[in-house]
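User: I'd like to learn how to read helix packing and chain-level features in a model. Could you walk me through an example?

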Amino acid sequence: MPRPASTPGQIALAAFIAIFLLAFLVVPVATVIHVAFTEKGTGSFTLINFADFLRTELFIRSFWNSVYVASMAVVLASAFALPLAALTTRFVFPGAALIQTLGFLPLIMPPFVGAVAMQLLFGRNGSINLLLDDGLGFKIPFMEGLNGVIFVQAVHYFPFILINLSAALRNIDRAMEEAAQNLGSSGFRLFRRIVFPLAMPGYLAGASLVFVKVFDDLATPLLLNVKDMLAPQAYLRVTSIGIADPMGYVISVVLIVVSVGAMWLSALAMKDRDYATVQRGGGGLARRKLRPGESALAYGVVLLILFLVLAPHVGLLLLSFATIWSFAPLPDAYTTAHYARVLGESSIYIKNTLIYAALAGTIDVVFGVAIAYLVLRTRLVGRHVLDWAAMAALAIPGLVLGIGYLRSYYAVQLPDGTPLATFWIMIVVALAIRRLPYALRACYAALQQISIALEEAAENLGATRSRTLRRIVMPLMTGGIVAGFVTSFSTAAVELSATLMLVQSNADAPLAYGLYVFMQSAAGRGPGAALGVIAVALVAICTLASHVLIERSQRSKGAAS
Amino acid sequence: MIIRRTLVITLATLALSSTVALSQAPSGKVTVVTSFAKDVTDPIKKAFEKATPGVTLDVQNRNTNAGVKFLEETRANNQVDLFWASAPDAFEVLKGKKLLQAYKVKAVGIPEKVGAYPINDRDGFYFGFAASGYGIMWNERYARANRLPDPREWQDLTKPVFHDHVSIAAPSRSGTTHLTIEAILQGEGWEKGWRVVKEMAGNFRQITERSFGVPEAVNSGQVGVGIVIDFFAFSAQASGFPVKFVYPSVTTIVPANIGIVASAPNRAGAEAFVEFLLSPTGQEVLLEPSIRRLPVNPAVYAKAPADYPNPFTDARLGSLLPFDAELSETRTAVVDTLFDQLISFQLDALKAATKSIQDVEAALAKKDNAAARKLIADARDLIAAMPIDAAGAAAAETRGAFTGAKEKGARQAEFEQQWASFARERYAQAKQKADEAAKLAR
């Protein structure tokens, strides 16, 4: 497909993004992880630390464990996401919007308290196992070892697949399906051969995010006390007091390389294939009515999945009303005292969280659209580097980013003399960088599904490139942009690791920090859970609102034109 | 928001300039970085602000590691007045990096030592404000359901009945757990001490990376028994959780500390807070149910509830072993890394070998067999074997590998790989011997 040569505007855009990534991702991280390449004692360049990595049985074991867990988590997450996505987009399904909203809730799992809630339900002595043991005399090890990590990660991250796949399915042109039906294809064959392949960009965007995220995630393995995986190994080394060992940073480098490699592989899988369809406005796939029997089955499947993936939130809700909950299927008694305690002091946290997450989410979709456009629609040299650099953010532990910011920007002073690193905007930038990959993948997948012929048509009719972008490309990408904003916004709202390093005072602190402060003592567990419930509710409401708002503006635009 | 922010900044600048003007009267904002929970800091903040009008305490919560890193990274333009945390080793690190400044405390009535541990840093860089001891905490409901006896001593936790029921924080992550392990090593000697630690570890359910992970798991009944610092158990009891706690006879009472950060912006305020914390009023706040720490001023115990442990009078807590802080300091990193490499990262193998040994011993108790006994003794020795002796652990060249020393030398990664394979081989051999013994004992 012939592509127009790059214009000055594109070059300026690319340069701006490159400078942003350089200033707030590459340089700060480099100031921290360059230790991986220096020799002990002399400080000169060396690769000996990587040789040490390969020689260490623990690291090799951790590496393969991480690969295994990440792959299996993708499989399990797909099993959760596929039925939900297919049923809600392909069939007339009352409650589809609700299911979609509930389906992304697992992504918002407040730190610490979410894990406590999960242990209380699924743990060795959680509600389910206590009941099973009482009634049937056996337990199911949901949360043990690597399989436990896979289970929890799949529950936590399957919304990535759900959101991106649903957006992709809605984008498929009905004409494709009708053509296949006319040629005699139907049922599962139709889904397998036509519908699913056309939604592939969305699925791959979600699946690769799940893989990389699980590969790089340290919170869940640590909460389940699984230490022989790569990300926890890096974290444990980077953060132990007084140990000045380069291996933590060596592992960080390995994480970055694997993550970028995985993204590259998924890009390779899509290469030389065209997922774009030309015709628009058909309103996506035809929705079929379910027969009563099918309907019952479908609801059964949906409810089972929702029960499983929302159980942590139910646990969280119970915990926030519980007096004492210890070694019992349900709390001993209930109270609203925890909410009374947090409501007074949490309004500042709530306000900060909304501002930070909304700003970060907006920055992310703007950059996500821009990078996707540059990669897919221009021939700029080195455009892929932007994509990979942005994705590498997934692999960088938040703590490393936080330390890098302090190191790079603490000496820079604002006019009033306070360090730039302690300015609240830096928290927003850190959140935006950490969540950019989510928005980027969503926007990228959305743009992949749009045929360039539409843009060419607009330009042939005399529209300028920016007008084409504004009036043709962006509206067609809306689904992907919303998906990207929602994931970035909602996950930024509960992010802790980088913020813990950058928060300078209670007045600047987001909810996750408030949660952390509560969750360090026995008496703080209830209030912490209450704050967690508030966070989840808040993000859910905002997400629903942004869905509604954008859909409404779409509709009014459609009516006007 | 912007307007309010500017206002705050202006106020802070004003406050700052006024402190410079009258450096003696504390005023303005005192910034403290702490690892303590809100439940601990809130009552103290309230009492301090009441006792010192015109001063506000700004509490920044960070875990100990992040706090140390933060002070290190921001030293060029330090905005923090105080560092306030449990682990003495974090303060040692800060002192070593010259991030603390010395101060002479005026408060009276605080003895030199609690148990065997000096309350204050000998050079006056940090001060103990509350004592805590390590011990064993357990969940009563869990214990009843699993028929666990009440533990009294560390050795009790090596018994087969506790297999897979015990939890601990990794000493490399928790300064206070580190001191517990060190106390066992000093109390029992290097070889014997590690033997006890590894026999206990064979029963571990999990090794958490946060100190609070252990009491959290015990409180919610996910794990039966936890090796924790006392106030975690006391404050859990005060909140109503069905947990109990005991101090074993080999433990060490350690002070939790506060120190003034080097070039603190509000030095007068920082000093005022230290003095408040060590005054009788400040010490009494520690008795509150949500805090429950042991004051370092013995006179304050007069106001404590009847069953409150008192390290200054309690015979059990008073007769504790002497603790050689200097020895502990020289080998901190080595002990932590040994624990990680021999125990944390080999836990499955260690547990499997231990379980086999415990099963054979149970069989032998019913029907004895001398050959099997010999094999089991060998297996236990294999598990207890150490890749490095006490002298080697404290040797300069070993230490140099862990401290990021400037001179060239062995790398930490090399030691780690050596020690890990040492342990892995021996745990496998021990399992093999135990399996052989199992055939004989059948």
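**Reading helix packing and chain shape**

Analyst: Happy to! Let's begin with a helix pair: α7(A) passes α10(A) in a right-handed crossing. Keep in mind that this is a predicted model.

User: At what angle do helix α7 and helix α10 of chain A pack, and how far apart are their axes?

Analyst: Helix α7 of chain A (residues 145–171) and helix α10 of chain A (residues 200–216) pack at about 160°, and their axes are 7 Å apart. Angles over 145 degrees count as roughly antiparallel, so α7(A) and α10(A) are roughly antiparallel to each other.

User: Which residues make the contact?

Analyst: On α7(A), they include A:Tyr157, A:Phe160, A:Ile161 and A:Asn164. On α10(A), A:Tyr203, A:Ala205, A:Leu209 and A:Lys213 are among them. By class, the contact has 14 nonpolar residues, four polar and one charged.

User: How many residues of chain B are in contact with chain A?

Analyst: 66 residues of chain B touch 53 residues of chain A. The chain B side consists of 23 nonpolar, 26 polar and 17 charged residues.

User: And how do I judge the overall build of chain B?

Analyst: Start with its secondary structure, which is 19 helices and 13 strands. Its radius of gyration is 24 Å, close to the 22 Å from the globule rule for 442 residues, so chain B is as compact as a globular protein of that length. The C-alpha trace of chain B spans about 85 × 55 × 45 Å along its principal axes.

User: What share of the residues in chain B is buried?

Analyst: Of its 442 residues, 55% are buried. As for contacts in chain B with a separation of 6 or more, 78% are between residues 24 or more positions apart.

Methods:
Residues numbered from 1 in each chain as written. Chains lettered and ligands numbered in written order. Predicted model: local features only at pLDDT ≥ 70, side-chain atom pairs only at ≥ 80, totals over all residues. Axes fitted to C-alpha atoms, helices over the stretch in contact; angles between N-to-C directions. Helix = DSSP H or I, 4+ residues; strand = E, 2+ residues; numbered from the N terminus. Parallel < 35°, antiparallel > 145°, perpendicular 65-115°, else oblique. Left-handed = near helix turned anticlockwise from the far one by under 90°. Contact = placed C-beta atoms within 7 Å. Nonpolar A, V, L, I, M, F, W, Y, C, P; charged D, E, K, R; others polar. Rg over C-alpha atoms; globule rule 2.2 N^0.38 Å. Buried ≥ 20, exposed ≤ 12 C-beta atoms within 10 Å, placed from the backbone.
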